[in-house]
Amino acid sequence: MPRILAIDHGTVRIGLALSDETEIVASPFKTIDATHEPERTIARIVKDKHIGKIVIGMPFRMSGEKGSAAERVEKFATSLGKELQHSVPIEFVDERLSSVEAEASMSRSGITGKKERNEIVDQLAAVVILQEYLNQQRGPAGFLLPDDAYELEWTHEPKRRRK
């Protein structure tokens, strides 16, 4: 099965994430230089990794409006589509707060060094974008456990009081 590639587009670096072949889990892939023909680099990745779809984070303002960053991303997507000869569909995903989630994830993981953070923050933002997309594709049923999953022995233990 083809995979999905997610892109967190920045002016300096571009973070990439890939789905697994079942399109359930997003994983960090790599960070590429945004200033040196990123479209060509991504086109090679699309071919090598058998990518069937690309999702790009759209940086809407908190009000939901598009700003200059969104226009830059749309321009990049147009250029990427031309590089790929429009052979792979490109979709946009609302990326508001994806970088905030990526930063929080790194903090929880104990990643504190600036160099270390800079190397992976864009990849993690792409993971957030892709996982959100994958979850939306599965819909609400993809998140829920069957009702009987809550019938576990330990859930019926009486609560203990503190002394």
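The model is predicted. Its protein chain has four helices and five strands. Along the sequence, these elements follow the pattern β-β-β-α-β-α-β-α-α.

**Overall picture**

- The protein chain has 163 residues, and 36% of them count as buried.
- Consider the contacts in the protein chain with a separation of 6 or more: 62% of these join residues 24 or more positions apart.

**How H1 meets H2**

- Two packed helices are described by the angle between their axes and by the distance between those axes.
- Helix H1 covers residues 38-48, and helix H2 covers residues 68-83.
- Their axes come within 9 Å and cross at roughly 50°.
- The crossing of H1 past H2 is right-handed.
- On the H1 side, the contact is made by Pro38, Glu39, Arg40, Ile42 and Ala43.
- On the H2 side, Phe76, Ser79, Leu80 and Glu83 take part.
- Sorted by class, this contact of H1 with H2 has five nonpolar residues, three charged ones and one polar one.

**The nonpolar cores**

- The largest nonpolar core has 22 residues.
- Leu5, Ile7, Ile42 and Ile54 have the most contacts inside this core.
- Which elements each supply at least two residues of this core? They are strand S1 (3-9), strand S2 (13-19), H1, strand S4 (51-58) and H2.
- H2 gives the largest share, with five residues.

**Ile42, in the core and in the helix contact**

- Ile42 is one of the H1 residues that make the contact with H2. Ile42 is also among the residues with the most contacts inside the largest core.
- What does Ile42 touch, leaving aside its neighbours within four places in sequence? Its partners are Leu5, Ile7, Leu16, Ile32, Phe76 and Leu80.
- Of these partners, Phe76 and Leu80 belong to the H2 side of the helix contact.

**Lys53 on strand S4**

- Lys53 is found in strand S4.
- Is Lys53 buried, exposed or partly exposed? Lys53 has 22% relative accessibility, so it counts as partly exposed.
- Neighbours within four places in sequence aside, Lys53 is in contact with Arg3, Ile4, Leu5, Val88, Pro89, Glu91 and Tyr133.
- Lys53 and Glu91 are 38 residues apart along the chain. Their C-alpha atoms are separated by 7.9 Å.

- Gln85 is found in the loop between H2 and strand S5 (90-94). His86 is found in the loop between H2 and S5 too.
- Gln85 is not a glycine, although it has a positive phi of about 55°.
- His86 is not a glycine either, and its phi is positive at about 55°.

How values were computed:
Residues numbered from 1 in each chain as written. Predicted model: local features only at pLDDT ≥ 70, side-chain atom pairs only at ≥ 80, totals over all residues. Heavy atoms only, no water. Axes fitted to C-alpha atoms, helices over the stretch in contact; angles between N-to-C directions. Left-handed = near helix turned anticlockwise from the far one by under 90°. Contact = heavy atoms within 4.5 Å. Nonpolar A, V, L, I, M, F, W, Y, C, P; charged D, E, K, R; others polar. Core = buried A, V, L, I, M, F, W, Y, C linked by side-chain atoms within 4.5 Å. Buried < 20%, exposed > 50% of the residue type's maximum accessible area, 1.4 Å probe, protein only.
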